[in-house]
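Open your viewer and get ready to select residues by number. We will go stop by stop.

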Amino acid sequence: MALFNRKSTAATPTAVIEAPAVDPALAALTGTYTIDPAHSSIGFTVRHAMVTNVRGSFGEHEGTLTLDGSDPANSSAAIDVKIASVDTGIGDRDGHLVSGDFFDAEKFPLMTYRSTRAEQLGGDAYRITGDLTIKDVTRPLSIDLEFNGSATDVYGNERVGFEGSTDILRSDWGLTWNAALETGGVMVSDKVKLTFDISAIKAAPQA
């Protein structure tokens with residue numbers, strides 16, 4: 001019993017926790033960036049008729065990234081997507097998507113995303129969490145991103161690149177149209193994969 005009752009007389013060392021060093025290269029990226037729609041894509045993939053995938057994208061979108069290279073948690077993003085710009089390669093299908101059966105683009109012309117939190121997962125992996133709004137329905141959504149790097153293009157623009165994806169259930173945003181198949185199942189799956197390939201240009205510092 002004495003072994004367990006013995007009091008230690010040794011001083012307890014005080015742990016010293018050092019803040020992680022800031023990468024100068026990342027710190028230099030701090031600033032506001034405008035998404036370049038000509039070199040970016042926002043797309044989706046959805047199962048069709050239970051046997052194949054339909055892929056599409058939104059050709060018109062705009063947004064900004066506010067990056068803090070010293071503390072990624074202070075970074076943010078805002079993106080607006082024009083629903084009428086949807087393109088799946090088939091005009092009739094695109095027309096159906098913008099109709100009242102799906103997006104109802106005339107009444108709800110924009111899909112928007114506003115970040116509420118950002119975090120570095122390790123290395124070049126990041127996660128951004130925010131609010132996705134479709135058809136006046138707003139729900140939280142997290143997107144895992146990979147930082148592809150930075151570069152100065154031939155026009156002298158400072159660019160950064162990110163790519164990532166996430167899965168959603170379209171019914172969570174009121175996109176519920178479907179049709180039953182004679183062989184069982186439905187025409188369009190509820191699960192949709194969203195994909196992002198973003199190139200953004202750093203804004204000139206304010207005078």
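This is a predicted model: local features need pLDDT of at least 70, side-chain atom pairs count only at pLDDT 80 or more; totals for chains, interfaces and linings use all residues.

Is Asp104 buried, partly exposed or exposed? Select Asp104 and look.

Next, select Lys135. Lys135 is in the loop between β8 (125-134) and β9 (137-152). Its phi is near 55°, again positive in a residue other than glycine. With a relative accessible area of 18%, Lys135 counts as buried, because the cut-off for buried is under 20%.

Now go to the surface. Select Met50, Val51 and Val186. They form a nonpolar patch there, with about 280 Å² of accessible area together. Zoom in on Val51, in the loop between β2 (41-48) and β3 (52-58). Val51 counts as exposed because its relative accessibility is 67%.

In soluble globular proteins, nonpolar side chains tend to be buried together. Here, the largest nonpolar core has 40 residues. Select Phe58, Leu65, Phe103, Leu132, Val160 and Leu194: these have the most contacts inside this core. Then color strand β11 (residues 188-202), which gives the most to the core, with six residues.

Last stop: Val160. Which residues is Val160 in contact with, leaving aside its neighbours within four places in sequence? They are Leu29, Tyr33, Leu67, Phe147, Gly149, Ser150, Ile198, Ser199 and Ala200.

Conventions
Residues are numbered from 1 along each chain as its sequence is written. Side-chain values use heavy atoms; hydrogens and water are left out. A nonpolar core is a set of buried Ala, Val, Leu, Ile, Met, Phe, Trp, Tyr and Cys residues joined through side-chain atoms within 4.5 Å. Buried means under 20% relative accessible area, exposed over 50%, partly exposed in between (1.4 Å probe, protein chains only). Helices (H or I, at least four residues) and strands (E, at least two) are DSSP runs, numbered from the N terminus. Contact means heavy atoms within 4.5 Å. Patches are made of residues with over 30% relative accessible area and no salt bridge: like charges are joined within 9 Å, nonpolar side chains (Val, Leu, Ile, Met, Phe, Trp, Tyr) within 5 Å. Accessible areas come from the Shrake-Rupley method with a 1.4 Å probe; for residues, only the protein chains shown count as cover. A salt bridge is a side-chain nitrogen of Lys or Arg within 4 Å of a carboxyl oxygen of Asp or Glu.
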